[in-house]
Amino acid sequence: MEQFLRVGVISSTHGVRGEVKVFPTTDDPRRFEALKKVLLDTGIEQKELEITGVKYFKNQVILKFRGYDSINDIEKYKGMDLLISREDAVPLEENENFIADLIHMTVVTDLGETLGTLVDVLQTGANDVYVVETPQKKEILLPAIRDCILNVDVEEKKMLVHVLEGLLDE
């Protein structure tokens, strides 16, 4: 399991006072209002940033961090991830999982056949769709519905699925 979860990506600066536009990668962008701090993943290190302001603009969140008061202070962080620890994450409901925990899971059918590895989760609105890459590098799309996803074992990194009729037809 991942220790940290990505909640957003800094997309650009906002104004000249050190604010940034963040593309949220969380289900609820309003959750930034409850966060006191985030970790900035620079690729080399993780810097703790204290959030002092939260605003919204279109589909983005505008954040202000303590100690970053000009565009020059923050501009170098464009494109970098903002992370939180699992302790700061929103509690999951029953049968919910963090996407980060699903990626790289081995996907096995109820007939014992290994389909491949879960490589992406598409959030379509109605239900998520799991993208499974086969050993032959083909993609299989599985709807994240109870009839199809039978069991998810985060500890074992294994997902048991029932392939609905027509999903594997070529």
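Student: How many helices and strands are there in the chain?
Tutor: Keep in mind that this is a predicted model. From the N terminus on, the elements run β-β-β-β-β-α-β-α-β-β-β-β-β-β. Tally the two kinds of letter and you get two helices and twelve strands.

Student: Which residue in β4 stands opposite K37?
Tutor: Start with the strands: β3 covers residues 37-41 and β4 covers residues 46-57. They pair in the antiparallel sense over five bridges, and they form a hairpin with four residues between them. Look across from K37 and you land on E50.

Student: What is the bridge partner of V54 in β5?
Tutor: β4 also pairs with β5, residues 60-65, again in the antiparallel sense, this time over six bridges. Find V54, then hop across to β5, and its partner there is L63.

Student: Is H104 buried or exposed?
Tutor: First find H104, which is in the loop between α2 and β7. Its phi is near 75°, a positive value in a residue other than glycine. The cut-off for exposed is over 50% relative accessible area. H104 has 59% relative accessibility, so it counts as exposed.

Student: How far apart in space are K158 and M80, C-alpha to C-alpha?
Tutor: K158 lies in strand β12, residues 158-161, and has a relative accessible area of 45%, so it is partly exposed. In sequence, K158 and M80 are 78 residues apart. In space, C-alpha to C-alpha, the distance is 30 Å.

Student: What kind of aromatic pair do Y68 and Y77 form?
Tutor: The structure holds one aromatic pair. Its rings, those of Y68 and Y77, are 6.1 Å apart centre to centre, with 75° between the planes. Both residues are buried.

Student: Which ring does the charged end of R30 sit over?
Tutor: Here we want a charge placed over a ring. The charged end of R30 is 4.0 Å from the centre of the ring, and that ring belongs to Y56.

Student: Which class gives 20 residues to the lining of the largest pocket?
Tutor: That pocket has a volume of about 1,200 Å³ and is lined by 37 residues, with D27, N97, F98, I99 and D128 nearest its centre. Elements that each supply at least two lining residues include β1, α2 and β8. By class, eight are polar and nine are charged, while the 20 are nonpolar.

Student: What percentage of the chain's residues count as buried?
Tutor: The C-alpha trace spans about 60 × 30 × 30 Å along its principal axes. A residue needs under 20% relative accessible area to be buried. Of the 170 residues, the share that counts as buried is 36%.

Conventions. Residues numbered from 1 in each chain as written. Predicted model: local features only at pLDDT ≥ 70, side-chain atom pairs only at ≥ 80, totals over all residues. Heavy atoms only, no water. Pairing = 2+ DSSP bridges. 1 Å grid on protein atoms, 1.4 Å probe; cavity = no way out; pocket = protein on both sides within 12 Å on 5 of 7 lines; lining within 4 Å. Points joined across faces, edges and corners; volume = space filled by probe spheres on them. Nonpolar A, V, L, I, M, F, W, Y, C, P; charged D, E, K, R; others polar. Phe/Tyr/Trp six-rings, centres within 6.5 Å; stacked < 30°, edge-to-face > 60°. Buried < 20%, exposed > 50% of the residue type's maximum accessible area, 1.4 Å probe, protein only. Lys NZ or Arg CZ within 6 Å of the ring centre and 35° of its normal.
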